[in-house]
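My notes follow in the order in which I made them.

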Amino acid sequence: MGISGPKIRGRKKKLRYEDITVVDQSLLKRAVGAAALGNAMEWFDFGVYAYIADTISEVFFPASVAPGVRLIGTFGAFTAAFLMRPLGGLVFGPLGDRIGRQKVLAVTMIMMAIGTLCIGLIPSYTSIGVWSPILLVLARMVQGFSTGGEYGGATTFIAEYSPDKRRGFMGSWLEFGTLSGYVLGASVVTGMKAWVPHETLLDWGWRIPFLVAGPLGIIGLYMRLKLEETPAFQKHAEEAEKRGRSGEPFWKMFTDYWPALLICVGLVLVFNVTDYMLLSYMPTYLSEQLHLDATHGLLLIIVVMVVMMLIILVGGRITDKVGRKPVMMAGCLGYLVLSWPLMLLVHDGGLVLTFLGLMGLGLLLLCFEVSMPAALPALFPTAIRYGALSIAFNISVSLFGGTTPLVMQALISSTGHDFWPAWYLMAAGAVGAVAVYFSRETANEPLWGSGPAVETEAEARKLVRESG
């Protein structure tokens, strides 16, 4: 379609050696590690909240309220973070395009840790009454604001550091971090629910996972402060300084790049609806709707995520070979065709069939986990990449992805029908298929606005010779 910037229009361009970035492998490993750790911390925080939602509902809401209503209130606080994400994207994204990716990512890391730590320190409803859920919502809003600059910055950071031929593999490490955070959060909650008495869990035990965020945040902040700015941003900043301009005007993002913004919103919709449905809402669905023992339900999700972690890096390599579009389209069509039968397995099967249904949903989700970190940054040029990606990503997540647990619980509670997740996943698959169709394949191409990025000096010299 051409909207994500073909590297060459018309006649082949003669390359000079200075047009090519030879990636420093040690810096690349540090960049990927720091970005993945930040993502792991983010999703540890979000995962813990989702997995311990039933306990949180008892702590922060009065006992006189029906359990289903308390749970909706808890997911409402969960959703509050997503209402702040577009604002965070509006602030941190353009700031990252102006002052650099590394500085902004350090700020988002420490803000996320502070917000999570505060949740662990809030007194219960029995201690301070209505101020308890109010403070919970405020802490979640701090988390959401910081997260508004996290994913767009992390994907941009990894994409701009990666060689063109390995961008899919390197980007898949970011989602490896996501799954690591989820697994760690789910494991901590599962262990606590299995071995800590319920009264102790309600009294103080639930606070432990949130208090862990402090040390994790310090480690992540240290790693990000030690990083150097991406080569793509450094070159862009040098060229902008020569021209006497700091960057593109903010409004041009919407007037000149609106097709890419719309495609980004559609891709993020299918990615995040499916992500939050499986990894955040399914534990609650299994325990509240199917009355499966909470520990067993969490263990099933943990096993699914571990299997996904074993496959995800291989999937990233595959997208570098066959492209992002075929893999993403396979996931979209899979949700259109298989959501209903997979949810039948989850709903009506025994423990084994339930696991197979969840595993099927997880394998479909992998189609997006391995593709999106490389596909989304390639939609935009260097000058607006962080800002445009952060804004489009967070608008879509706030409207569709992050609201998934709340919407599902509300629909099921009000209608009594348990198959809303299947219909919701099918709708997301349809929207995603349209977005993938109108997107452009970018595997093995330079990022829009940048020259080629290679792994070795020999590759760079070869490109120069071949371009002449």
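**Largest cavity**

I sorted the lining of the largest cavity by class and found nine nonpolar, three polar and four charged residues, where Ala, Val, Leu, Ile, Met, Phe, Trp, Tyr, Cys and Pro count as nonpolar, Asp, Glu, Lys and Arg as charged, and the others, Gly among them, as polar. I note that this is a predicted model, in which local features need pLDDT of at least 70 and side-chain atom pairs count only at pLDDT 80 or more, while totals for chains, interfaces and linings use all residues. Residues are numbered from 1 along each chain as its sequence is written, and side-chain values use heavy atoms, with hydrogens and water left out.

The lining comprises 16 residues, and Tyr 51, Lys 193, Pro 283, Thr 284 and Ser 287 lie nearest the centre of this cavity. On a 1 Å grid over the protein atoms alone, a cavity is a set of points where a 1.4 Å probe fits but cannot get out, a pocket is an open set with protein on both sides within 12 Å along at least five of seven lines, and lining residues have an atom within 4 Å of a point. I read a volume of about 110 Å³ for the largest cavity, a volume being the space filled by probe spheres set on the points, which are joined across faces, edges and corners. H14 gives the largest share of the lining, five residues; helices here are DSSP runs (H or I, at least four residues), numbered from the N terminus.

**Second largest pocket**

I then turned to the second largest pocket, which holds about 280 Å³ of space. Of its 18 lining residues, Asp 54, Thr 55, Glu 58, Lys 193 and His 198 lie nearest the centre. Its lining divides into six nonpolar, six polar and six charged residues.

**H16 against H21**

I found that the axes of helix H16 (residues 324–348) and H21 come within 8 Å and cross at roughly 160°, with axes fitted to C-alpha atoms over the stretch in contact and angles running from 0 to 180 degrees between N-to-C directions. That makes H16 roughly antiparallel to H21, a label for angles over 145 degrees. The contact (heavy atoms within 4.5 Å) includes Met 328, Tyr 335 and Trp 340 of H16 and Trp 423, Gly 429 and Tyr 437 of H21.

**H20 against H21**

Lastly, I looked up helix H20 (residues 404–415) and helix H21 (residues 420–438), which pack at an angle of about 135° with their axes 10 Å apart.

Definitions and conventions: Helix = DSSP H or I, 4+ residues; strand = E, 2+ residues; numbered from the N terminus. Parallel < 35°, antiparallel > 145°, perpendicular 65-115°, else oblique.
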